[in-house]
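Keep the picture open while you read.

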Amino acid sequence: MESFLNKISFISITIATLTLLLLYLKTPQTFINPNPKPQQKFPKSTCDFTHRTFTNINKHNRRIWSTKSWIQTVHSFTIQFQSLQAQNFFSNNSRILVVSAGAGHSVMALNNMGVNHVSGIEVVESHPLVRRADPHNLPFLDKVFHFGFSPYLERALFPARYVREMERTVRDGGACVVAVEECGGEEVEEVVKLFKKSKLLAVKNVTLGGERRTSIVMKVVK
């Protein structure tokens, strides 16, 4: 019995030795790159955006400008401006101011018509069509524009000051055109009273950006 146990022990030791030898000589299946590339860092906080890619502003604009909604809104402004141009309120060489220009639909409409000098103003910049500025304190000298336009007068915090700035920057004999929510009668008179240096020329209901609005045309006088 003792002899039998010794044989088993010898055989077990031999097998274990051979197994360890084979493991030592066998080439590892997992390859480790001796020159590993540095791994991309994880952001340290939610404010760390250095690892992210951004959409080019021009590509972003082209995507927005190609939408059906954008094209239709620009077209609605184009119809309005073509009517005003036909009445000689401005020409393609006129200097035009657009206050409360929003995302720039009206500015693009004028540019597409061939107007050379258009300044779009809004409290939030929409590059490249609209620059940031306070409509109650316009960054322009007196009487530098031939034509002033505001599609959303009712959004002004201080309408009287807003209108005063438009009148200040538009030349004598030029026109200020403002649009408000569709109205008539006394409401139109209230808007007209805001203008201290202009006289009423025309009132017309129009559609701008799918909304029914009332366009009020004022002529700046001395």
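Predicted model: local features only at pLDDT ≥ 70, side-chain atom pairs only at ≥ 80, totals over all residues.

Let's begin with the greasy inside. In soluble globular proteins, nonpolar side chains tend to be buried together. Here, the largest nonpolar core is made of 28 residues, and Phe81, Leu84, Phe90, Val98, Leu110 and Phe147 have the most contacts inside it. H3 gives the largest share, with five residues.

Now zoom in on Val98. Which residues does it touch, once you set aside its neighbours within four places in sequence? The list is Ser106, Val107, Leu110, Val118, Ser119, Gly120, Ile121, Phe149 and Pro151.

Next, find helix H6, which covers residues 186–193. Its buried residues are Val188, Val191 and Val192. Looking down the axis of H6, you'd see them fall within an arc of 100°, so they line one face of the helix. There's a handy rule behind patterns like this. An α-helix has 3.6 residues a turn, so residues three or four places apart point the same way. What do the buried residues of H6 pack against? They pack against strands S5, S6 and S7. On the face of H6 turned away from its buried side, you'll find the exposed residues Glu186 and Lys193.

Last stop: charges. The structure has seven salt bridges. In one of them, the side chains of Arg168 and Asp142 meet at 2.8 Å, N to O. Arg168 sits in helix H5 and Asp142 in the loop between S3 and S4, so the pair ties together parts that are 26 residues apart in sequence. Arg168 is partly exposed at 22% relative accessibility, and Asp142 is partly exposed at 49%.

Glu182 and Arg212 form another salt bridge, with their closest N and O atoms 3.4 Å apart. Glu182 is in the loop between S5 and H6, while Arg212 is in strand S7, so this pair links parts 30 residues apart in sequence.

Then there's Arg213 with Glu211, whose side chains meet in a salt bridge at 3.3 Å, N to O. Arg213 is buried, with a relative accessible area of 2%, whereas Glu211 is partly exposed at 37%. Finally, salt bridges that share partners join Asp142, Glu165 and Arg168 into one network.

Key: Residues numbered from 1 in each chain as written. Heavy atoms only, no water. Core = buried A, V, L, I, M, F, W, Y, C linked by side-chain atoms within 4.5 Å. Buried < 20%, exposed > 50% of the residue type's maximum accessible area, 1.4 Å probe, protein only. Helix = DSSP H or I, 4+ residues; strand = E, 2+ residues; numbered from the N terminus. Contact = heavy atoms within 4.5 Å. Arc of directions from axis to C-beta. Salt bridge = Lys/Arg side-chain N within 4 Å of Asp/Glu carboxyl O.
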